[in-house]
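The sequence and structure follow.

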Amino acid sequence: KNTTDGISGNAKLENIQAKSNSSNGSVSVNYRKGKFGLQTNLNASLYNRDQHYILTNGNLGGNQPFSLTSEGDVTNKENKWGGYLNANYDLSENHKLDFSYQYRRKSDDPAKTRFYNEMKDLNSGLIVDRTRTENDMTAKNDNHSINLGYEWKTDAEGSLFSANLSYLNFDKIEKNNSSTLLLDPQQQTLGFLKQFYQNTPLEID
């Protein structure tokens, strides 16, 4: 009986308590039978980021006595999942084959920023400008990698000859939509001051 033969594994689950809960988990399995070995893993996570900001700055004694206050929320739901598969086989005492495959996906669904901004004249105390900034960002990327390896022990002194054949595919799509809106004293929209849209695809083979 070969004492190295058998199967083992582990599982992990985690939950993070915050303003918005986040969670992740993974499962791993290892298997060995004679000349054949296998290791595999699956993992996934969901992270919710929900934050509120109040940002202020001003210059009472300077040449431009103004202050700017921005208040708003940043929310983002980030999903990740993937895994790997590693396999090896001993062709003989001196020859071995290895194979590995890894996959990873990440997506933001979507990330949102909403801020209300006020500019105040510190000398008069009057609000001279009111705007709202909005940004929506969605992103998704997929990552595949494959490797096939061969190893040959050429002598008893430990000399090795190895060869590898690898393939990588990375695909990413990111979209950004950003705008700045002019507001009246009742915070109703008067019109667009700035608007920006960007679509950024990226593919690597």
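Strand β5 (residues 95-121) pairs with β6 in the antiparallel sense over 24 bridges. Strands here are DSSP runs of E with at least two residues, numbered from the N terminus, and two strands count as paired if DSSP finds at least two bridges between them. K106 stands opposite N141 in β6. The hairpin of β5 and β6 has five residues between the strands, and G125 there takes a positive phi near 80°.

Strand β6 (residues 127-153) also pairs with strand β7 (residues 160-183), antiparallel over 23 bridges. I146 has Y167 in β7 as its bridge partner, and N147 has S166 in β7. In the hairpin of β6 and β7, with six residues between the strands, G158 has a positive phi near 100°.

## Basis of the model

The model is predicted: local features need pLDDT of at least 70, side-chain atom pairs count only at pLDDT 80 or more, and totals for chains, interfaces and linings use all residues. Residues are numbered from 1 along each chain as its sequence is written, and side-chain values use heavy atoms, with hydrogens and water left out.

## The whole sheet

Eight strands form an open sheet in the order β1-β2-β3-β4-β5-β6-β7-β8, with antiparallel pairing. β1 and β8 (189-204) are at the edges with a single partner strand each, so one side of each has no neighbour in the sheet. From one strand to the next the twist averages 10°; axes are lines fitted to C-alpha atoms, and angles run from 0 to 180 degrees between N-to-C directions.

## A buried asparagine

N169 is located in strand β7. Its relative accessible area is 13%, so N169 is buried (buried means under 20%, exposed over 50%, partly exposed in between, with a 1.4 Å probe and protein chains only). Apart from neighbours within four places in sequence, N169 contacts D142, N143, H144, E203, I204 and D205, where contact means heavy atoms within 4.5 Å.

## Nonpolar surface patch

I7, V27, V29, Y31, F36, Y89, L91 and L97 make up a nonpolar patch on the surface, with about 670 Å² of accessible area together. Such a patch joins nonpolar side chains (Val, Leu, Ile, Met, Phe, Trp, Tyr) within 5 Å, from residues with over 30% relative accessible area and no salt bridge. A salt bridge is a side-chain nitrogen of Lys or Arg within 4 Å of a carboxyl oxygen of Asp or Glu. Areas come from the Shrake-Rupley method with a 1.4 Å probe.

Strand β2 (residues 22-33) supplies the largest share of the patch, three residues. I7 belongs to strand β1 (residues 6-16) and counts as exposed because its relative accessibility is 65%.

Technical notes:
Patch = residues over 30% accessible without salt bridge, like charges linked within 9 Å, V, L, I, M, F, W, Y side chains within 5 Å. Helix = DSSP H or I, 4+ residues; strand = E, 2+ residues; numbered from the N terminus.
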